[in-house]
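Biologist: Hi! Could you open the model so that we can go through it together?

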Amino acid sequence: PQPSLMGFRGHVDFEFVVERDGTMSSVRLLRSSGTPAMDRAAQNALVGSRLLPLPSDYGPPRVTITVTFYYNEGPAES
């Protein structure tokens with residue numbers, strides 16, 4: 001997003017659920033970057049993703065995933 005190109009730094013954490021057929025549900029912001037534009041860009045990237053179905057030998061009907069988007073910083077800097 002534009003704020004990251006302007007040198008803003010931060011990271012944002014989301015949690016989401018992948019259903020057996022690969023659809024995404026329950027996208028939830030866990031921790032904001034403090035910059036709404038970066039939070040929206042991360043959420044848009046998630047929602048716009050195409051996910052594969054879960055493997056047939058994966059027992060549960062869904063999996064919950066937590067993801068962090070970093071803007072102008074890395075995991076060690078957070």
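This is a predicted model: local features need pLDDT of at least 70, side-chain atom pairs count only at pLDDT 80 or more; totals for chains, interfaces and linings use all residues.

Biologist: Great. How many helices and strands does the protein chain have?

Modeller: There are two helices and three strands, and along the sequence they follow the pattern α-β-β-α-β. Helices (H or I, at least four residues) and strands (E, at least two) are DSSP runs, numbered from the N terminus.

Biologist: And what share of the residues is buried?

Modeller: Buried residues are 28% of the 78 in the protein chain. Buried means under 20% relative accessible area, exposed over 50% and partly exposed in between, with a 1.4 Å probe and protein chains only.

Biologist: Which residues form the largest nonpolar core?

Modeller: That core has nine residues: Val-12, Phe-14, Phe-16, Val-18, Met-38, Ala-42, Leu-46, Leu-54 and Tyr-71. β1 and α2 each supply at least two residues of this core, and β1 gives the most, with four. A nonpolar core here is a set of buried Ala, Val, Leu, Ile, Met, Phe, Trp, Tyr and Cys residues joined through side-chain atoms within 4.5 Å.

Biologist: Changing topic, where is Ser-33?

Modeller: Ser-33 sits in the loop between β2 (24-31) and α2 (36-47).

Biologist: Why does Ser-33 count as buried?

Modeller: Because its relative accessible area is 15%.

Biologist: What does the side chain of Ser-33 reach?

Modeller: The side chain of Ser-33 reaches the backbone nitrogen of Thr-35 at 3.1 Å, and a polar contact of 2.7 Å joins it to the side chain of Asp-39. A polar contact is a pair of N or O atoms within 3.5 Å; within protein, one must be able to donate a hydrogen and the other to accept it, and residues adjacent in sequence count only if both atoms are side-chain atoms.

Biologist: Which residues does Ser-33 touch, leaving out those up to four places away in sequence?

Modeller: Ser-33 touches His-11, Val-12, Met-38 and Asp-39, where contact means heavy atoms within 4.5 Å.

Biologist: Okay, so what about His-11, buried or exposed?

Modeller: His-11 is buried, because its relative accessible area is 10%. His-11 belongs to strand β1 (residues 10-19), and its side chain makes a polar contact of 2.3 Å with that of Arg-31.

Notes
Residues are numbered from 1 along each chain as its sequence is written. Side-chain values use heavy atoms; hydrogens and water are left out.
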